[in-house]
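Have the sequence and the structure at hand while you read along.

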Amino acid sequence: MSAEVDELVPVSRGGDPYSFANCRLTHRICNRMKSDKTDEHARALLGGKRTIKPSSLPFKTFGI
């Protein structure tokens with residue numbers, strides 16, 4: 001339950017880590033679960049709903 005600073009728009013997706021408008025306080029476990037995804041993604045994981053978009057699945061390779 002340690003506190004961490006979370007970026008609303010992750011730095012890896014172009015967010016500014018020094019903007020107070022882009023930062024908020026969150027639990028460490030919640031921040032780790034969210035990772036570089038959206039809040040909706042983290043809420044779905046907390047609710048037990050594992051949603052995977054078809055675009056995030058690995059490509060299938062044939063004949064290799």
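**Entry 1: the strand pair.** Strand β1 covers residues 3-7 and strand β2 covers residues 23-27, and the two pair in the antiparallel sense over five bridges. Pairing here asks for at least two bridges found by DSSP between two strands. Strands are DSSP runs of E with at least two residues, helices are runs of H or I with at least four, and both are numbered from the N terminus.

A note on the source: this is a predicted model, where local features need pLDDT of at least 70 and side-chain atom pairs count only at pLDDT 80 or more, while totals for chains, interfaces and linings use all residues. Residues are numbered from 1 along each chain as its sequence is written, and side-chain values use heavy atoms, with hydrogens and water left out.

**Entry 2: N31.** I found N31 in helix α1, which spans residues 28-34. N31 counts as buried because its relative accessibility is 12%. Leaving aside neighbours within four places in sequence, I listed E4, V5, D6 and T26 as the contacts of N31; contact means heavy atoms within 4.5 Å.

**Entry 3: salt bridges.** Side chains of opposite charge can pair when their charged atoms come close. I used this rule: a side-chain nitrogen of Lys or Arg within 4 Å of a carboxyl oxygen of Asp or Glu. The count comes to seven salt bridges.

One of them joins D39 and R24, with the closest N and O atoms 2.6 Å apart. This pair links distant parts of the chain, as D39 sits in helix α2 (residues 39-46) and R24 in strand β2, 15 residues apart. D39 is partly exposed because its relative accessibility is 23%, and R24 is partly exposed at 30%.

D39 also meets K34 in a salt bridge, at 3.9 Å from N to O. Is K34 buried or exposed? K34 is buried, because its relative accessible area is 3%. I then traced the network of salt bridges that links D6, R24, K34 and D39.

D36 and K37 form another salt bridge, with the closest N and O atoms 3.1 Å apart. D36 is partly exposed at 24%, and K37 is partly exposed at 35%.

**Entry 4: cysteines.** How many disulfides are there in the whole structure? My search found zero, taking a disulfide as a pair of cysteine sulfur atoms within 2.5 Å. C23 is partly exposed at 22%, and C30 is partly exposed at 27%.

**Entry 5: the whole chain.** I noted two helices and two strands in the protein chain, in the pattern β-β-α-α along the sequence. Buried residues make up 16% of its 64 residues. Of the contacts in the chain with a separation of 6 or more, 33% come from residues 24 or more positions apart.

Conventions:
Buried means under 20% relative accessible area, exposed over 50%, partly exposed in between (1.4 Å probe, protein chains only).
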